[in-house]
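Trainee: I should like to learn how to read the features of a model. May we begin with the interior?

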Amino acid sequence: MRHRIGGRQFGLASDARIALLKGLLRSMIIYKKIETTEARAKEIQPMVEKLVTRAKDDSVHSRRIARAAIGGKSSSDEDIIMELFTKIAPTFKDRPGGYTRMAHKSVRRGDGAPVVVLEFVND
């Protein structure tokens, strides 16, 4: 039984699931929009929201938390952190929350999984 254990498993081992979520998180920050299944989008959306809220307070502690969430120590990861803190977070400075939207697109041809577009809100 999985009582009181949050999160979706996606039929993956824990390391593969964590890698999947970090990859989706990186793609969301880089491209500002991702197209994925509804279950994956629902799992990644709160993570993105919390990171943007953290990034609005530009401090060393916030950067370290964002770096841990995104993972990796390469220079491209530093570019992703800079993108989050210098471009994305300032656009939502006066917004109290709700930085992303999920729009249903279609169903996936192979298995009929609902496909959605998760993107940042542009006011």
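Mentor: In soluble globular proteins, nonpolar side chains tend to be buried together. Here the largest nonpolar core has 23 residues, of which Ile44, Val52, Leu84 and Phe120 touch the most other members. Such a core is a set of buried Ala, Val, Leu, Ile, Met, Phe, Trp, Tyr and Cys residues joined through side-chain atoms within 4.5 Å; buried means under 20% relative accessible area, with a 1.4 Å probe and protein chains only. The elements α1, α2, α3, α4 and β3 each give two or more residues to this core, and the largest share, six residues, comes from α4. Helices (H or I, at least four residues) and strands (E, at least two) are DSSP runs, numbered from the N terminus.

This is a predicted model, in which local features need pLDDT of at least 70, side-chain atom pairs count only at pLDDT 80 or more, and totals for chains, interfaces and linings use all residues. Residues are numbered from 1 along each chain as its sequence is written, and side-chain values use heavy atoms, with hydrogens and water left out.

Trainee: Leaving aside neighbours within four places in sequence, which residues is Val52 in contact with?

Mentor: Contact means heavy atoms within 4.5 Å. On that basis Val52 meets Leu84, Ile88, Ala89, Phe92, Tyr99 and Phe120.

Trainee: Which residues of α4 are buried, and what covers them?

Mentor: The buried residues are Asp77, Ile80, Ile81, Glu83, Leu84, Phe85, Ile88 and Ala89. Their cover includes α1 (14-31), α2 (38-56), α3 (60-70) and β3 (114-120).

Trainee: Why should α4 span 24 Å?

Mentor: The expected span is 1.5 Å times one less than the number of residues. Because α4 (residues 75-91) has 17 residues, it should span 24 Å, and its end C-alpha atoms are 24 Å apart, which agrees. The helix α4 also bends by about 35° at Leu84, the bend being the angle between axes fitted to the seven residues ending there and the seven starting there.

Trainee: In what order do the strands of the sheet lie?

Mentor: Strands of a sheet pair through backbone hydrogen bonds, either parallel or antiparallel. Two strands count as paired if DSSP finds at least two bridges between them. Here three strands form an open sheet in the order β1-β3-β2, with antiparallel pairing. The edge strands, β1 (33-37) and β2, each pair on one side only.

Trainee: How many bridges join β2 to β3?

Mentor: Seven bridges join β2 (residues 100-107) to β3. Among the facing residues, His104 has Val116 as its bridge partner in β3, and Val107 stands opposite Pro114.

Key: Buried means under 20% relative accessible area, exposed over 50%, partly exposed in between (1.4 Å probe, protein chains only).
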